[in-house]
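Thank you for making time this morning.

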Amino acid sequence: MHNKTLAELSLGLQAKTFSSVELTQCFLDRINQHQQLNAYITVTTELAMAQAKAADQRIANGTADLLTGIPIAQKDIFCTQGVVTTCGSKMLANFSAPYNATVVDKFYLAGAVMLGKLNMDEFAMGSSNETSYFGAVRNPWNINSVPGGSSGGSAAAVSARLAASATGTDTGGSIRQPAALCGITGLKPTYGRVSRYGMIAYASSLDQGGPMTRSAEDAAIMLQAMAGFDEKDSTSVDVPVPDYRANLNKSLAGLKIGLPKEFFGEGLDENVAATLATAIDEYRRLGAEIIDISMPNLKLAIPAYYVIAPAECSANLSRFDGVRYGYRCDNPTDLTDLYTRSRGEAFGKEVKRRILMGTYALSTGYYDAYYLKAQKIRRLISEDFKAALASVDVIMGPVTPSTAFGIGEKMDDPIAMYLSDIYTIAINLAGVPAMSIPAGFVAGMPVGLQLIGDYFSEDRLLNIAHQYQQVTDWHNFIPTGFE
Amino acid sequence: MEWETVIGLEIHTQLSTRSKIFSGAATAYGAEPNTQACAVDLGLPGVLPVLNQEAVRMAVIFGMAIEANIAPYSVFARKNYFYPDLPKGYQISQMDHPIVGVGHLDIEVDGVIKRIGVTRAHLEEDAGKSLHEDFHGLTGIDLNRAGTPLLEIVSEPDMRNAKEAVAYMRKLHELVRYLGICDGNMQEGSFRCDANVSVRPKGQIEFGTRAEIKNINSFKFVEKAINHEVERQIALLENGGKVVQETRLYDSVKDETRSMRSKEEANDYRYFPDPDLLPVIIDEAFKAQMKAELPELPDAKKQRFKVDYQLDEESVAILTASRALADYFEAVNKKSGCEAKLCANWITGDLSAALNKAGLDIIASPINDERLSGLLARIGDGTISGKIAKQVFELLWQSAASADDIIAEQGLTQISDTGAIVAIIDKIIADNPNQVEQYRSGKDKMFAFFVGQVMKAMQGKANPAEVNKILKERL
């Protein structure tokens, strides 16, 4: 059961081949068996079983939705009423939100079952899931490797079949990078496509929620449930949501694929490059035309990102002050002590580093040189994407410079860690949608291919990904021990 | 040395929207602590602000009223600082791109009209309140006020004494109430003022170093706080000292200002555009619509009242102090058909006195314009005298009946029947021979005695003009 795709599970449930209760129990058992991955922070057994029963009722009534009864899991960044939402931090270890994120509500409405809350880098700041207060997540393909981050729990859970699919969020690569490192499909939608309401903010102008799934078709099903304008999020965009599965089978004949030379230069592992070349060849066989392009400002993405994201996070995380909720230090002597010790004791090293960087970048005398300059670069990068996507249908490239690195390998070298997002960050700065799809293996570890499209072209990206998955089976490989 | 004072005011007006600027929670004053703060106001993780359109409308209409530039593009920014009653650790305000640009307001002091520049006005959210009493040495936080919309109106340093500052503040207070964008309640903090005060030797062009006096919530205190601060700065300078740039707090009990924090201790607010909110775009069509909705403004109304109704300065000032009172006057004038002066006298006299006594505003008056008009109409057509009208007014105040019903019920109709008046007068002349003698021998004052006697005998209902006429004939 656990190896079925969402579409297959939906058919099975409708045909009553198995019930949602049986299916949910199956996933709960697997979660229990594979605790060594540390993919979940909270497992909501009782809630899941209650939702499964309600789903079976709905299926019996004939009022079921496509996702009714399907067990999924939420990245622990989405607020869930009555269930602890930690955001991977000691600060919120005991925080239970009095409301649901819009995304969570949408899945509840569709009748999906929530298995639990998935591990993540603290406040989504990290590329390896090692900054989580709840411990590192392990990569199902090699438990000594990182699963990537920040949605590391989501990627590991989907890869290891501990959830039929999962949500993630992507600020600089946090869906695509772990999807690539764990061999699953991840989609970061256009900024504004999925509501951010109830999704704990890291960098508001870059954060975007999206699906992490086993296949492109599953991603289409998940995105269908997640996408849409939300009046509670002023930055969500009021454009119609297409039927994401309608064009999956469209032919790719004549598709123009752009390959930016900046994506294939120094720093890219040669085995990864060779794997990607094979994948591009596959697209050529599907009728695509390959065009070499250049995006000269891509190299500026990392420095711009590491000004803008920390600047926004420095303000976004100010609300965690020990006054109203979350962690409060013992016996504060006065207000300053309450602030400094509550924040000092509850935030991890990487979170503190980014708050400090952001505070510095916004300070009087530095604002113009850092924040404003970074915003200018951001505009240049957006222009690069617009120009490129005016001449090609999709841009392809690597997701990560190499396959999953070892746990602990880059923790003492933040710059090396930041560089692992070198191919993903520019996409968030531009706000365009992008996917990571499994494209092969190097020494037994998965490699992801990145597809980048124009604004609101998710349906096109899903079509391009799906067609590839019709002629390849990289997305069907299961890590050993998780069959 | 002769000194010149320079004053600029920053006025925080609380906009009278029903809900908060970025959430759906109510803005009503005086609720139990923390009962009017929703997830957004509490700054819970994951919540997002959504701009209240009504706050934008109010800001734009204010901009129109001061003939300011309305920004076609304005931006909300985060002002970062930590304080327990600031739930998010930043206040959403506007910095580089305020919604209202340069405008002006004309004030009048001692008969001289002076134009005061308005630098800008921007939208922002209010913080909550820290309560230091009743918590056994701890501090309580009430977040009901958090997220209440404010329009911060910043003047140019154009005022040269406390009187001008008060005149400006009063003028603005009147204006925002006219526009219906602020209830003006200063006790509840709906209209608060920070004053930037400096002094310089008369004739010097450069400004002196200023001190900012925070949170002054009455006209009286503004005048006192500024005068005190000016004296303090002059004394300091004349004794060879220097004014330091700082924030000071006015203590109304001790009537002094004292230092809160110096420039060095000031926060670096690290403003940057709020990524949760889109820029506010105001197009020409919206501006045209706001212009059409702009009510008659106080200055125009005063001028019209003077010319159209021929009223004296004092009556005009009272009647136009609020739009509601001016509307009331105009309704009574129209409905009663009485001359403006009579209407004005009743409204500024008996009605205002009764309202003051009861602590009521004109909009809560027990006698609405319809019922007062009914009373004045009966004075106008001679049915009752002014004296009887005062009795009827009392009864109008206490009941819901109309003036006509009261007059009929109490039999208060004025008697103009000459026969009845003649009979009474003849009887009084017969009963008071001594007084008649005195009058006839030249003591004119005795005439009032006879008028009084007639009125007394007729319970005040006799038509005074008729009484005078007949008395003169008979005596």
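A residue is called buried here if 20 or more other C-beta atoms lie within 10 Å of its own, and exposed if 12 or fewer do. By that count, the buried residues of helix 12 of chain A are Tyr370(A), Tyr371(A), Ala374(A), Ile377(A), Arg378(A), Ile381(A), Asp384(A), Phe385(A), Ala388(A) and Leu389(A). Please keep in mind throughout that this is a predicted model. Helix 12 of chain A runs over residues 368-391, and at 1.5 Å a residue its 24 residues should span 34 Å, which agrees with the 34 Å between its end C-alpha atoms.

Staying with chain A, let me turn to the backbone. Most residues other than glycine have a negative phi, and most peptide bonds are trans. Ala124(A) has a positive phi near 70°, and it lies in the loop between strand 3 and helix 5 of chain A, where it counts as buried because 30 other C-beta atoms are within 10 Å. Lys16(A) also has a positive phi, near 60°, but this residue sits in the loop between helix 1 and helix 2 of chain A and counts as exposed, with 10 C-beta neighbours inside 10 Å. The peptide bond from Gly149(A) to Ser150(A) is cis, with omega near 5°, and Ser150(A) is found in the loop between strand 3 and helix 5 of chain A.

Now to the contact of the two chains, to which chain A gives 35 residues and chain B gives 24. On the side of chain B that touches chain A, 15 residues are nonpolar, 4 are polar and 5 are charged.

How many of the 13 residues of helix 1 of chain B are buried? The number is 10, so that the helix is mostly covered, and among the buried ones are Val56(B), Met58(B), Ile61(B) and Phe62(B). What covers them includes strand 5, strand 6, strand 9, helix 2, strand 15 and helix 4 of chain B. Just after helix 1 of chain B, Glu67(B) takes a positive phi of about 50°.

Two helix pairs in chain B deserve a description. Helix 2 and helix 3 of chain B pack at an angle of about 150°, with their axes 9 Å apart, and they are therefore roughly antiparallel to each other. Their contact is made by residues including Val166(B) and Met169(B) of helix 2 and Val222(B) and Ile226(B) of helix 3, and its residues divide into 7 nonpolar, 1 polar and 2 charged.

The axes of helix 7 and helix 8 of chain B come within 9 Å and cross at roughly 135°, and the two helices are therefore oblique to each other. Here Tyr328(B), Phe329(B), Val332(B), Asn333(B) and Ser336(B) of helix 7 meet Ala340(B), Cys343(B), Ala344(B) and Ile347(B) of helix 8, a contact with 7 nonpolar residues, 2 polar and no charged.

Is Arg145(B) buried or exposed? Arg145(B) counts as buried, because 22 C-beta neighbours lie inside 10 Å. Not counting residues up to four places away in sequence, Arg145(B) touches Asp126(B), Gly128(B) and Lys129(B).

Technical notes
Residues are numbered from 1 along each chain as its sequence is written. Chains are lettered from A and ligands numbered from 1 in the order in which they are written. This is a predicted model: local features need pLDDT of at least 70, side-chain atom pairs count only at pLDDT 80 or more; totals for chains, interfaces and linings use all residues. Two residues are in contact if their C-beta atoms, placed from the backbone, lie within 7 Å. Ala, Val, Leu, Ile, Met, Phe, Trp, Tyr, Cys and Pro count as nonpolar, Asp, Glu, Lys and Arg as charged, and the others, Gly among them, as polar. Helices (H or I, at least four residues) and strands (E, at least two) are DSSP runs, numbered from the N terminus. Axes are lines fitted to C-alpha atoms, for helices over the stretch in contact, and angles run from 0 to 180 degrees between N-to-C directions. Angles under 35 degrees count as roughly parallel, over 145 as roughly antiparallel, 65 to 115 as roughly perpendicular and the rest as oblique. The expected span of a helix is 1.5 Å times one less than its number of residues.
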